[in-house]
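Student: I have a model open and want to learn how to read its features. Where do we begin?

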Amino acid sequence: VDFLRRVMLIQYLDFLRLEMMYAPTSIWSSFSKINTSFQDLGGKKLQEIYPRLKRLLKQFESGYVPRRASTFTFEQTKSFLENSPNVGKGLLHKAVVCMSLFGGLRCADLVNIENGDIDVNDTSGVWVRYSVSKQSAQFHKTNTFVVPKSFDVYVTNYLNTTNRLGRVFKN
């Protein structure tokens, strides 16, 4: 029975790799879920019962090159800010790019910024307060960042064309 379980597990992991074309990170994730279930039922980790299993999983990683998301360089971003139109959606896009770039914000964080959270300072730039919260609502934190003076014109131009009540960026 033990041998059958080990063979079935290896076959399943091989199936994920070869047939389903899972990346090694996804296979590790699946293994972790199986391991947790197995530990809950049997009280032992799979690595304790089948020590060669971990080595097999590491072999799946040989030659694997993780994908990396493409990002814009600072020069590309600056070129976009300088060359895109200063009307309508162009102003919106410039403001979003500046606040994302200097605040490191996700879309959800951007949408939650309200006009009262922004303070335009003539000497240092645009100060922005934003809240970060996780889905569980047990974690809530307020952060602040500044859009430097050399870039604040893109944010202030957008703010001057919008309604000063409510959210800065509406869905």
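**Reading the model, feature by feature**

Tutor: Start in helix α1, where Asp14 and Arg17 sit three residues apart, so about one helical turn separates them. Keep in mind that this is a predicted model.

Student: What do the side chains of Asp14 and Arg17 form?

Tutor: The general idea first. Side chains of opposite charge can pair when their charged atoms come close. Here, the side chains of Asp14 and Arg17 meet in a salt bridge, at 3.1 Å from N to O.

Student: Is Asp14 buried, partly exposed or exposed?

Tutor: Asp14 is partly exposed, because its relative accessibility is 26%. Buried would mean under 20%, and exposed over 50%. Arg17 also falls in the partly exposed class, with a relative accessible area of 32%.

Student: How many salt bridges does a search of the whole structure find?

Tutor: The search finds three.

Student: Which residue forms a salt bridge with Arg106?

Tutor: Asp109 does, and the closest N and O atoms are 3.0 Å apart. Now read the cover on each partner. Arg106 has 41% relative accessibility, so Arg106 counts as partly exposed. Asp109 has 6%, so Asp109 counts as buried.

Student: And which residue forms a salt bridge with Asp152?

Tutor: Lys149 is the partner, with the closest N and O atoms 3.3 Å apart. Asp152 counts as buried because its relative accessibility is 6%. Lys149 is partly exposed, at a relative accessible area of 40%.

Student: Let us turn to pockets. How much space lies in the largest pocket?

Tutor: Here is the general idea. Rolling a probe the size of a water molecule over the atoms shows where empty space is left. In this structure, the largest pocket holds about 180 Å³ of space.

Student: Which residues line the largest pocket?

Tutor: The lining is made by Phe72, Thr73, Gln76, Thr77, Phe80, Val97 and Leu101. By residue type, four are nonpolar, three are polar and none is charged.

Student: Which helices each supply at least two residues of that lining?

Tutor: Two elements do: α5, residues 74-83, and α6, residues 89-103. The largest share comes from α5, with three residues.

Student: Is Lys89 buried or exposed?

Tutor: Lys89 also lies in helix α6. Lys89 counts as exposed, because its relative accessibility is 57%. Lys89 and Tyr158 are 69 residues apart in sequence and 9.4 Å apart in space, C-alpha to C-alpha.

Student: What does the pair Asn121 and Gly166 show for sequence and space?

Tutor: Asn121 and Gly166 are 45 residues apart in sequence and 20 Å apart in space, again C-alpha to C-alpha. Asn121 is found in strand β1, residues 118-121. At 26% relative accessibility, Asn121 counts as partly exposed.

Student: Now the surface. Which residues form a nonpolar patch there?

Tutor: The patch is formed by Tyr12, Phe15, Met20 and Tyr22. Together they have about 370 Å² of accessible area. Look at one member in detail. Phe15 is found in helix α1, residues 2-18. Phe15 has a relative accessible area of 38%, so Phe15 is partly exposed.

Student: What about backbone angles? What is the phi of Met21?

Tutor: Met21 has a positive phi of about 60°, although it is not a glycine. Met21 belongs to the loop between α1 and α2, the latter spanning 24-42. Met21 is exposed, because its relative accessible area is 65%.

Student: Let me recap. A search finds three salt bridges. The largest pocket has α5 as the source of the largest share of its lining. The surface carries a nonpolar patch that includes Phe15.

Key: Residues numbered from 1 in each chain as written. Predicted model: local features only at pLDDT ≥ 70, side-chain atom pairs only at ≥ 80, totals over all residues. Heavy atoms only, no water. 1 Å grid on protein atoms, 1.4 Å probe; cavity = no way out; pocket = protein on both sides within 12 Å on 5 of 7 lines; lining within 4 Å. Points joined across faces, edges and corners; volume = space filled by probe spheres on them. Helix = DSSP H or I, 4+ residues; strand = E, 2+ residues; numbered from the N terminus. Nonpolar A, V, L, I, M, F, W, Y, C, P; charged D, E, K, R; others polar. Patch = residues over 30% accessible without salt bridge, like charges linked within 9 Å, V, L, I, M, F, W, Y side chains within 5 Å. Areas by Shrake-Rupley, 256 points an atom, 1.4 Å probe, with all protein chains shown as cover. Salt bridge = Lys/Arg side-chain N within 4 Å of Asp/Glu carboxyl O. Buried < 20%, exposed > 50% of the residue type's maximum accessible area, 1.4 Å probe, protein only.
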